[in-house]
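Thank you all for coming; I would like to walk you through one structure this morning.

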Amino acid sequence: MQTKKHSGFIAIIGRPNVGKSTFLNQVIGEKIAIMSDKAQTTRNKIQGIYTTDETQIVFIDTPGIHKPHSRLGDFMVESALSTLNEVDAVIFMVNATEKKGRGDEFIIKRLKQVKQPIFLVINKIDKIHPDALLGIVESYREELDFTEVYPISALQGINCPELVSTVSNMLPEGPQFYPDDQITDHPERFIAGELIREQVLDLTHEEVPHSVAVVVERIRREDEEKVLVQATIIVERSSQKGILIGKGGKMLKTIGTRARKGIEKLLGDKVYLELWVKVQPNWKDKKADLQALGYKQDDY
């Protein structure tokens, strides 16, 4: 029987690109959520598990709230908002370098219906003058009575341990949901696909990143020293396929080389990565395609 400890679920919510995934990776100490300077990087609710002798916190990194322009967008927004009444507390993360916008107002409106404790976390404080912080805090506090306010730098780890400690102390005593050494609820196949998609985000521009999905077809041990990973990158148009393959296959090779390093760290083995690119027109707006690619939600 698992020893009781303070345990619970915490949702991290906010506009795209405020640093939710960076914070999650910082707290967990491992890379489980992909990071990119492009908006709407996270598409699924990614659970990161933080465990100590006294505490187990399951953090849920939600997709950034944005105005949806496709069925995929609808899925992402509903996925983020659906967590709010299922958790023990909510972290509302904002970017210190950006003024409060319509996206923040939309989230605050939803948060007013939430009964659980809500923490306002102001990220990227290393990018602003300290004197600017008070005005930022006041602009949000006049909208909602937050349980606590924490200015942090997720990238540098500033105030992150203090925030985690406060959250831990407020959680009820309960069961340990996951083993001590488990850091995410997602299978290796999902994370491998995300690591490949991260390289596409980093290496391509304009319309390509938002039109890409990755399906890991197979992870199979070839011998004692090597694991075979086969994956397909899905795009919407032939022109995007051409960009991803590149002249003489150079771009696809670069994506594969960079993704392979992350997958090797994930699996703890040498990896042979095979990548293909497939055109699947308008997959973001087709319910059957979205479900086949793992975006499963009954009401989007």
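Predicted model: local features only at pLDDT ≥ 70, side-chain atom pairs only at ≥ 80, totals over all residues.

Let me start with a question: is phenylalanine 92 buried or exposed? Phenylalanine 92 is buried, with a relative accessible area of 0%, where buried means under 20%, exposed means over 50% and partly exposed lies in between, using a 1.4 Å probe and protein chains only. Residues are numbered from 1 along each chain as its sequence is written, and side-chain values use heavy atoms, with hydrogens and water left out.

Turning to the rings, a search of the whole structure gives four aromatic pairs, that is, rings of Phe, Tyr and Trp (its six-membered ring) with centres within 6.5 Å, called stacked if the planes are under 30 degrees apart, edge-to-face if over 60 and tilted for the rest. Phenylalanine 9 and phenylalanine 177 make a tilted pair, at 4.9 Å centre to centre and 55 degrees between the planes. Phenylalanine 9 is partly exposed, at a relative accessible area of 21%, and phenylalanine 177 is also partly exposed, at 39%.

For phenylalanine 92 and tyrosine 140, the centres are 6.1 Å apart and the planes stand at 75 degrees, so this pair is edge-to-face. Tyrosine 140 is buried too, with a relative accessible area of 2%, and Phe92, Tyr140 and Phe146 form one aromatic cluster.
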